[in-house]
Amino acid sequence: MNATRSLLAAAALASAMLGGASALAQAVQPAAPRAAQATQTAAPALNIRQIHDRVEAAGYVNIREIELEKYGHYKVKARNAQGDRVKLHVNAQTGEIERNRFDD
């Protein structure tokens, strides 16, 4: 009878330990996708070649500098259709030209 109690106690302890381990594993698992999402969000969706093509398709020429800025956009130096030098801010995710100003 003592052996049966010891066996039951060991089984209960093992069950509790395994249950606790799986609960811990479940608690840890959701954090991994969030970390991966944060990394994906920080990286631009479009590369420099794609940005160049989008700016060129918008009518800009003589694209001479494309630089990734830390706030989710590219800074692009080019010339507009009238030949004026401009600085553009292009959304790194969509390729949309968000701001256009003359380059001094």
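The model is predicted: local features need pLDDT of at least 70, side-chain atom pairs count only at pLDDT 80 or more, and totals for chains, interfaces and linings use all residues. Residues are numbered from 1 along each chain as its sequence is written, and side-chain values use heavy atoms, with hydrogens and water left out.

**Overall composition**

- The chain contains three helices and four strands, where helices (H or I, at least four residues) and strands (E, at least two) are DSSP runs numbered from the N terminus.
- Along the sequence, these elements follow the pattern α-α-α-β-β-β-β.
- Of the 104 residues in the chain, 21% are buried, a term for under 20% relative accessible area, with exposed meaning over 50% and partly exposed in between (1.4 Å probe, protein chains only).
- Among contacts (heavy atoms within 4.5 Å) with a separation of 6 or more, 27% are between residues 24 or more positions apart.

- The four strands form an open, antiparallel sheet in the order 1-2-3-4; two strands pair if DSSP finds at least two bridges between them.
- Strand 1 (61–68) and strand 4 (97–102) each have a single partner strand and stand at the edges, so one side of each lacks a neighbour in the sheet.
- From one strand to the next, the twist averages 20°.
- Strand 3 (residues 85–91) and strand 4 run antiparallel and are joined by five bridges.
- Helix 3 (residues 48–57) packs on the sheet, where it touches strand 1, strand 2 (73–79) and strand 3, and its direction makes about 140° with that of strand 1; axes are lines fitted to C-alpha atoms, for helices over the stretch in contact, and angles run from 0 to 180 degrees between N-to-C directions.

**Two residues in their surroundings**

- Leu 88 has Asn 100 of strand 4 as its bridge partner.
- Beyond its neighbours within four places in sequence, Leu 88 is in contact with residues including Val 55, Tyr 74, Val 76 and Ile 97.
- Lys 77 lies in strand 2 and counts as buried, because its relative accessibility is 19%.
- Leaving aside neighbours within four places in sequence, the contacts of Lys 77 include Asn 62, Glu 65, Val 86 and Asp 103.
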